[in-house]
Each structure stands twice: as C-alpha cells, then as structure tokens.
Amino acid sequence: MKSQIVFISVVCVSFLLALVWAAPIAEEDVQILKYDNDNIGVDGYNFAFETSDGVSRKETATLKNAGTENEAISVQGSVSWVSPDGTHYTLNYLADENGFQPEGDHLPVAPEA
C-alpha cells in the first residue's frame, strides 16, 4: 500500500510538472521570487515557490499511521499558473491512500449518476 501511495504521489508531481512545462516560455528569463523548503524528513516535507511568470506551487506531505500496516503518505498542495491568453488557473490536490484527488474550476466534472 505504501509503495502505491508513493507511486501515486510521483505520478501527481509528474503531471503537475508537465502542466507547468507545457506553458510557453516567455522571452525574458523567469526569476524565482520566493522559495521555502522546510521540514524535509522521513515523516514528510513542506515546500513552496513563486516565479515571475505567475507560477506558484505549495505542497505538504505527512506520514500517517507510521509504523503500522496502514502507513501512508498524504500529500496536499496547489499549483497556479497563467495561460498565454491571461487566464489564471489553480489546481488544488490531495494524494493519499484514496488516490489522487484534483480540484479546479477548469477541470471537467463527471455527470451525476
């Protein structure tokens, strides 16, 4: 179970990075405006950054049920960016033993059963 959660977390991070990398690169160099990297350890981590092109991301991970068969990593965060047409997007997410759970106004919603 723990390896599945770690795998899901890696997939989530890869997905988010792909979104950011898919955005067109401006002519000027993008500057890092803010970078915080705290509490990195075996029981979790916490980081945040903002860049001059409007990208920001923050993420916190905690180890739940440490030392038990139900041990799992819970990752919660958000990423925001500005599209080429000026639209602001924010994707909030939770990745835990229940899978990847994204939320955002721009995401499609499944019809109700």
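Predicted model: local features only at pLDDT ≥ 70, side-chain atom pairs only at ≥ 80, totals over all residues.
I began with Ser74: leaving aside neighbours within four places in sequence, I found Ser74 in contact with Thr60, Ala61, Thr62, Lys64, Leu94, Ala95 and Asp96. Contact here means heavy atoms within 4.5 Å.

Residues are numbered from 1 along each chain as its sequence is written, and side-chain values use heavy atoms, leaving out hydrogens and water.

Next I looked up where Ser74 sits, and found it in strand S4, residues 72-82. Strands (E, at least two residues) are DSSP runs, numbered from the N terminus. Is Ser74 buried or exposed? Ser74 counts as buried, because its relative accessibility is 12%. The cut-offs are under 20% relative accessible area for buried, over 50% for exposed, and partly exposed in between, with a 1.4 Å probe and protein chains only.

Then I turned to the rings. I looked up how many aromatic pairs the structure holds, and the count is three. One of them is Trp81 with Tyr89, stacked at 5.5 Å centre to centre and 20° between the planes. Rings of Phe, Tyr and Trp (its six-membered ring) pair if their centres lie within 6.5 Å; planes under 30 degrees apart are stacked, over 60 edge-to-face, and the rest tilted. Trp81 is buried at 13% relative accessibility, and Tyr89 is partly exposed at 24%.

Tyr93 and Phe100 form a tilted pair, 6.1 Å centre to centre with 40° between the planes. I noted Tyr93 as buried at 3% and Phe100 as partly exposed at 29%.

Notes
Helix = DSSP H or I, 4+ residues; strand = E, 2+ residues; numbered from the N terminus.
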